[in-house]
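Please look through this model one local feature at a time. Keep the sequence open beside the structure as you read.

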Amino acid sequence: MIYSLSNINQPIATKRSVKVLLCAAIVFAFLSVFFSSGATGSAANGADFKAGRIIDDVVFTNNQSMSVSQIQAFLDAKVPVCDRWRPSSNPNYQPPWTCLKEYQENPTTGDNNISHTGRGPNGEPRQVPGGISAAQIIWNAAQAHNISPQVILVTLQKEQSLVTDDWPWAIQYFRAMGANCPDGPGGAQCNPAYAGFLKQVDGGTWQFRHDFNGIGTPGFWAPYARGWNNILYQDPNTTGGCGTKQVLIENQATAVLYKYTPYTPNQAALNNLYGTGDACSAYGNRNFWRLFTDWFGSTYAPTFQATFLAHSTYPTIVKGSSSEALIRYRNTGNLPWYDDVSAPLYNTYPVRLAKTNPINSSSPFSASWPSSGRATGAFAKVYEPDGLSLSSNQHIALPGQIVDFGFNFNIPVNTTPGFYPQYFQPVLEGSNWWNMGGVAWIGVTVQDPTFQATFVAHTTYPTILNGGSSDALIRYRNTGNLPWYDDVSAPLYNTYPVRLATTNPINSSSPFSSLWSSNSRATGPFGRVYEPDGLSLSPNQHVALPGQIVDFNFTFSIPTGTTPGFYPQYFQPVLEGSNWWNMGGVAWIGVTVQ
């Protein structure tokens with residue numbers, strides 16, 4: 001359990017009173033109003049507090065809500081100047097102090113810069129070898145456990161006032177999240193194995209995720225779960241009993257907070273939102289909601305909202321062909337998304353990927369789409385919030401889950417070459433609140449088709465006796481933008497084959513061609529096809545993709561009676577039967593006949 005006396009029996013104390021509390025004197029103090037610096041929310045109103053919906057699941061678990069630099073800027077704004085030399089009457093805690101914005105800790109050794117050694121001339125804390133900042137520690141825990149960094153910051157504040165304290169004591173770092181600090185006089189029962197800022201942040205955030213995943217599971221202790229619950233107003237061991245309130249817990253994040261602090265604020269605590277209530281008031285969950293609202297805005301997610309995460313690379317596509325594309329979104333609303341497969345089953349609106357900028361505009365590359373303004377209606381894949389594990393239902397995206405929208409760009413043959421930005425956004429099809437946000441774009445470059453061969457190497461010039469033969473090889477790289485097909489694969493794709501032709505002039509007859517398919521075509525099938533590295537064989541030995549390398553193997557056969565001498569033999573790949581047959585890449589092998 002993770003209860004802390006400071007968040008149960010106290011409003012958030014000023015930095016002076018929280019330190020008195022840590023010395024075991026329980027002080028009721030008004031909160032210093034220090035939310036103006038760096039705030040992005042708006043002042044909370046106690047009338048807006050909902051005991052059964054303190055924070056929405058998708059807000060609680062949004063690990064992308066802040067970057068490391070944004071967390072650092074937030075901490076800097078909350079404490080512009082650290083009061084390093086503030087006098088302390090407690091002999092165990094003496095200046096100079098280290099504020100959270102400048103705290104560092106080595107994740108391996110636990111070495112940190114709270115101590116007084118190695119400080120600068122004005123009391124600046126030292127740089128810890130291998131140390132990482134508090135902002136980085138917070139962000140790392142958020143990513144590891146898929147919990148919002150904003151939730152961690154709020155918890156650090158409600159537990160130990162660390163975010164705004166400009167002269168924090170070491171004990172505030174040791175108990176930063178209240179992790180493994182059960183109820184008791186002064187909160188003295190904290191497990192020493194969990195002492196330290198990094199352990200507290202990672203352990204407390206792990207507990208949030210563990211509880212979030214475990215609420216309602218068989219055999220797992222959860223004092224409160226989704227549904228109706230009788231929740232205490234205060235610790236009956238402390239107050240002698242203040243009764244309970246019947247609360248309909250609407251989501252798992254709220255249930256998690258009630259496990260962390262198993263009391264609900266009474267009306268007195270809500271009436272005096274920034275101060276104290278009465279003897280039956282508890283403040284932990286009130287303070288969490290108030291801090292979050294003041295600092296970051298509403299704890300509620302919009303009903304339907306899409307947040308763009310990533311897309312596939314900008315494709316370069318030859319006109320007349322197509323390319324696959326993908327755009328990834330997170331469901332950051334508080335209701336599920338259904339696709340064209342699942343929506344009819346639930347009699348609801350489907351979420352589709354729409355062409356936008358302006359909305360419902362037509363794409364010229366939409367031949368394979370459901371319509372010119374809708375790239376796709378069915379989800380390609382649905383992932384859990386970690387972005388790695390596939391969801392059990394691939395046609396429903398719950399809040400926090402991630403959807404891949406997959407589709408094709410199909411380029412008409414008459415498209416003018418150029419760069420075409422294509423804008424998209426998910427929409428709730430047919431509803432009045434269709435606009436879910438999340439506009440993203442992919443730039444499509446259209447090119448004319450090109451077939452180009454670049455000579456790489458050939459075998460040594462052979463010396464061949466009259467009536468004899470010798471194997472030869474010429475190697476080319478496909479430096480065009482379309483695949484090459486040989487005599488085996490071209491019929492399967494209904495296209496032109498690439499063959500090795502005699503040249504200089506083109507289609508001239510070779511006297512050494514008796515083993516060829518014709519006297520001007522040294523080979524039809526490819527000898528070998530390599531990946532661009534020239535070492536790894538391609539999985540398809542009859543198709544050469546752009547960048548891949550082809551060996552054309554053939555044999556020089558010398559007729560008996562050929563006059564001895566030196567015979568240059570010229571070759572080049574050709575796109576057989578097409579109007580743009582000339583692929584370049586002329587090469588020659590000198591044959592010496594003896």
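Ser 161 sits in the loop between helix 6 and helix 7. The model is predicted, so local features need pLDDT of at least 70 and side-chain atom pairs count only at pLDDT 80 or more, while totals for chains, interfaces and linings use all residues. Residues are numbered from 1 along each chain as its sequence is written, and side-chain values use heavy atoms, with hydrogens and water left out. Helices (H or I, at least four residues) and strands (E, at least two) are DSSP runs, numbered from the N terminus.

Phi of Ser 161 is near 55°, a positive value in a residue other than glycine. Most residues other than glycine have a negative phi, and most peptide bonds are trans. Is Ser 161 buried or exposed? Its relative accessibility is 4%, so Ser 161 counts as buried. Buried means under 20% relative accessible area, exposed means over 50%, and partly exposed lies in between (1.4 Å probe, protein chains only).

Asn 504 also has a positive phi, about 60°, although it is not a glycine. Look for Asn 504 in the loop between strand 20 (498-502) and strand 21 (521-523). Asn 504 has a relative accessible area of 51%, so this residue is exposed.

Next come the cis peptide bonds. The bond from Pro 95 to Pro 96 is cis, with omega near 5°. Pro 96 lies in the loop between helix 4 and strand 1. The bond from Asn 357 to Pro 358 is cis too, with omega near 0°. Pro 358 belongs to the loop between strand 9 (351-355) and strand 10 (374-376).

Now turn to the aromatic rings. A search of the whole structure finds 50 aromatic pairs. Rings of Phe, Tyr and Trp (its six-membered ring) pair if their centres lie within 6.5 Å; planes under 30 degrees apart count as stacked, over 60 as edge-to-face and the rest as tilted. Trp 97 and Trp 169 are stacked, because their ring centres are 6.5 Å apart and their planes stand at 25°. This pair links distant parts of the chain, 72 residues apart. Trp 97 is in the loop between helix 4 (68-78) and strand 1 (104-105), and Trp 169 is in the loop between helix 6 (149-160) and helix 7 (170-174). Trp 97 is buried, with a relative accessible area of 3%. Trp 169 counts as buried at 5% relative accessibility.

Phe 407 and Phe 409 give another arrangement. Their ring centres are 5.2 Å apart and their planes lie at 85°, so the pair is edge-to-face. Phe 407 counts as buried at 6% relative accessibility, and Phe 409 counts as buried at 0%. Phe 407 and Phe 409 belong to one aromatic cluster with Phe 365, Trp 369, Tyr 420 and Phe 424.

Helix packing comes last. Axes are lines fitted to C-alpha atoms, for helices over the stretch in contact, and angles run from 0 to 180 degrees between N-to-C directions. The axes of helix 5 (residues 134-145) and helix 8 (residues 197-214) come within 9 Å and cross at roughly 25°. Helix 5 and helix 8 are therefore roughly parallel to each other. Angles under 35 degrees count as roughly parallel, over 145 as roughly antiparallel, 65 to 115 as roughly perpendicular and the rest as oblique. The contact residues divide into eight nonpolar, two polar and two charged. Here Ala, Val, Leu, Ile, Met, Phe, Trp, Tyr, Cys and Pro count as nonpolar, Asp, Glu, Lys and Arg as charged, and the others, Gly among them, as polar.

Helix 5 also meets helix 6. Their axes come within 9 Å and cross at roughly 125°. That makes helix 5 oblique to helix 6. Ile 138, Ala 141 and Ala 142 of helix 5 make the contact with Pro 149, Ile 152, Leu 153 and Leu 156 of helix 6. This contact has seven nonpolar residues, no polar and no charged.

Helix 6 and helix 8 pack at an angle of about 120°, with their axes 11 Å apart. Helix 6 is therefore oblique to helix 8. Val 151, Ile 152, Thr 155 and Leu 156 in helix 6 meet Phe 197, Val 201, Thr 205 and Phe 208 in helix 8. These contact residues divide into six nonpolar, two polar and no charged.

Definitions and conventions
Contact means heavy atoms within 4.5 Å.
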